[in-house]
Amino acid sequence: MIQIKSQREISLMRRAGEIAAAARRLAGNMVAPGVTTREIDKAVFDFIRAHGAKPSFLKYNGYPASICISVNNEVIHGIPGKRVLREGDIVSLDVGAALDGYHGDCAATIPCGKVSGEAMHLIEVTRQSFYEGIKFARPGNRISDISHAVQTYAEQNGCSVVRDYVGHGVGSKLHEAPEVPNFGPPGRGARLFPGMTFAVEPMLNAGDYKIRRLSDGWTVVTLDGSLSAHFENTILITSGKPEILTVCPEDTE
Ligand code: MF3
Ligand code: CO
């Protein structure tokens with residue numbers, strides 16, 4: 001069952017989304033050679049708490065931090081720590097914030113200093129695949145119309161789509177029904193209606209789509225060691241174009 005959010009729930013998700021987006025932006029602005037991932041986690045925790053919200057990921061299924069920071073061949077769920085960022089790294093930052101029990105969830109991959117052309121291409125294709133996908137996020141379509149558009153764009157531009165992790169409904173729980181895959185044929189899955197809220201989050205690899213999980217129990221890496229990028233926003237289905245809930249008020253990006 002996919003929930004339809006009330007106006008009250010949508011207002012809370014808009015505010016949670018703004019805080020998550022601003023924290024994600026703050027984390028992105030900290031990405032620079034010499035910075036540790038732990039410093040970024042600390043700043044994100046402090047920012048979210050200072051805005052009266054809670055970090056959605058902290059203690060979720062035992063996750064130990066407020067942000068996931070996944071570098072280079074790491075796909076998702078990298079745990080912040082003593083790792084020092086270096087020139088040329090690509091750094092995926094995934095942040096969730098909850099306000100009065102409602103979540104916003106967003107991610108982006110940020111270059112650390114000057115990165116290779118291949119890395120920039122992957123980042124840009126990942127970001128655009130999200131926008132290609134959400135062109136289909138409107139009433140009259142089905143979930144997998146989004147999925148198919150993401151995959152088509154990603155593969156046409158030489159990138160592969162991770163299969164083992166998918167987007168999701170989001171609301172009073174960080175992960176709700178339905179799953180929102182980034183691959184597959186169109187015309188499948190639930191029909192979309194105004195008031196549904198989803199985290200649409202393509203994860204794209206420069207090489208093969210296969211992944212494995214490290215022995216820390218969290219960090220997901222590409223099986224072939226190739227680079228990976230992530231782009232995610234929480235969106236609201238409306239009667240027309242979807243509304244992106246994870247935006248900073250002063251966002252011009
Ligand atoms: N944004 C991610 C997800 O949706 C990360 C959450 S996983 C956590 O699915 F365990 F770290 F919280
Ligand atoms: Co998510």
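Visitor: What relative accessibility does valine 84 have in this model?
Guide: The value is 41%, so valine 84 counts as partly exposed. Buried means under 20% relative accessible area, exposed over 50%, and partly exposed in between, using a 1.4 Å probe and protein chains only. This is a predicted model, where local features need pLDDT of at least 70 and side-chain atom pairs count only at pLDDT 80 or more, while totals for chains, interfaces and linings use all residues. Residues are numbered from 1 along each chain as its sequence is written, chains are lettered from A and ligands numbered from 1 in the order in which they are written, and side-chain values use heavy atoms, with hydrogens and water left out.

Visitor: Where does valine 84 lie, and what does it touch?
Guide: Look in the loop between β3 (74–76) and β4 (90–99). Helices (H or I, at least four residues) and strands (E, at least two) are DSSP runs, numbered from the N terminus. Leaving out residues up to four places away in sequence, valine 84 touches Gly34, Val35, Thr36 and Asp89, where contact means heavy atoms within 4.5 Å.

Visitor: Which residues of α2 are buried?
Guide: They are Thr37, Ile40, Asp41, Val44, Phe47 and Ile48. Down the axis of α2, these buried residues fall within an arc of 130 degrees, so they line one face of the helix. The arc is taken from the directions from the helix axis to the C-beta atoms. On the other side of α2, Arg38, Lys42 and Ala50 are exposed.

Visitor: Why would residues three or four places apart point the same way?
Guide: An α-helix has 3.6 residues a turn, so residues at that spacing point the same way.

Visitor: And what covers the buried residues of α2?
Guide: The cover includes α1 (7–30), β1 (54–55), β2 (67–71) and β4. Just after α2 comes glycine 52, with a positive phi of about 75 degrees.

Visitor: Which residue other than glycine has a positive phi of about 75 degrees?
Guide: Lysine 59 does. Lysine 59 sits in the loop between β1 and β2, and its 70% relative accessibility makes it count as exposed. Histidine 77 also has a positive phi, near 60 degrees. Histidine 77 is in the loop between β3 and β4 and is partly exposed, at 22% relative accessible area.

Visitor: New topic: which residues are closest to the centre of the largest pocket?
Guide: The largest pocket holds about 430 Å³ of space. Of its 23 lining residues, His77, Tyr165, His168, His175 and Glu201 are the closest to its centre. Strands β7 (167–169) and β8 (176–180) are the elements that give two or more residues to the lining. A pocket is an open set of points, on a 1 Å grid over the protein atoms alone, where a 1.4 Å probe fits, with protein on both sides within 12 Å along at least five of seven lines; lining residues have an atom within 4 Å of a point. Points are joined across faces, edges and corners, and the volume is the space filled by probe spheres set on them.

Visitor: Which peptide bond is cis?
Guide: The bond from alanine 177 to proline 178 is cis, with omega near 0 degrees. Proline 178 has its place in strand β8.

Visitor: Last one: where is cysteine 248?
Guide: Cysteine 248 is in the segment after β15 (243–244). Cysteine 248 counts as buried, at 5% relative accessibility. Not counting residues up to four places away in sequence, cysteine 248 touches Ala21, Ala22 and Arg25.
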